[in-house]
Amino acid sequence: FRKIPLHSVPDPLDTLTSGLASIARFPGGVTVLENAYAIPVNRKPKLRQLFDIENSPACRKVREKITELDLTVELVVPAAPNSRVFTDKSYEFYLPEGTEIPRMVLIEPGEEEILLSGYEEIVSYFEDKYELPVTTVEDTKEQAIYI
């Protein structure tokens, strides 16, 4: 039996601030964009891996975009700075220190694997690839008022 260090386990303050961030960004991350349904299933990418830090604002924005597009991630790899992702070279998902998070590996239908790093690159990729209008949280809040 091995004792696991609790470095990345959220404490009550982490939970509270995460909840407040979710409320402040509402309905981001809980609403699928209406035009996301116009993307045929055979055109949707296969999101193989998402390297993610739970309390990172950049990672939160990527997760919100995934929700807006109604996509599914096959594997989420927790990538806190002190996690085995950065400390254990024998770990299957090891990344060199300094690798930008969020990081996503995806496959578009009929294409090779694509590696995207950083919030701007990932979100821009989805908005450009699927020709979605750039939607702000304020736009979505305004739409939610009329629902």
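Buried means under 20% relative accessible area, exposed means over 50%, and partly exposed lies in between (1.4 Å probe, protein chains only). Everything below comes from a predicted model, in which local features need pLDDT of at least 70, side-chain atom pairs count only at pLDDT 80 or more, and totals for chains, interfaces and linings use all residues. Residues are numbered from 1 along each chain as its sequence is written, and side-chain values use heavy atoms, with hydrogens and water left out.

View A. Phe 93 is buried, with a relative accessible area of 13%, and Phe 51 is buried at 3%. The structure holds three aromatic pairs; rings of Phe, Tyr and Trp (its six-membered ring) pair if their centres lie within 6.5 Å, with planes under 30 degrees apart counted as stacked, over 60 as edge-to-face and the rest as tilted. Helices (H or I, at least four residues) and strands (E, at least two) are DSSP runs, numbered from the N terminus. Look for Tyr 91 too: ring pairs join Phe 51, Tyr 91 and Phe 93 into a cluster.

**View B. Tyr 125 and Phe 126 form an edge-to-face pair.** Their ring centres are 5.9 Å apart, with 70 degrees between the planes. Tyr 125 is buried at 17% relative accessible area, and Phe 126 is buried at 0%.

**View C. The largest nonpolar core has 15 residues.** Such a core is a set of buried Ala, Val, Leu, Ile, Met, Phe, Trp, Tyr and Cys residues joined through side-chain atoms within 4.5 Å. Leu 47, Val 62, Ile 66, Met 104, Leu 106 and Phe 126 touch the most other members. S1, helix H2 (57-68), S3, strand S4 (113-117) and helix H4 (119-129) each supply at least two residues of this core, and H4 gives the most, with four. Apart from this core lies another, of eleven residues, among them Ile 53, Val 77, Val 85 and Leu 95.

**View D. Lys 61 meets the ring of Tyr 119.** The charged end of Lys 61 sits over this ring, 5.0 Å from its centre; the criterion is NZ of Lys or CZ of Arg within 6 Å of the ring centre and within 35 degrees of the ring normal.
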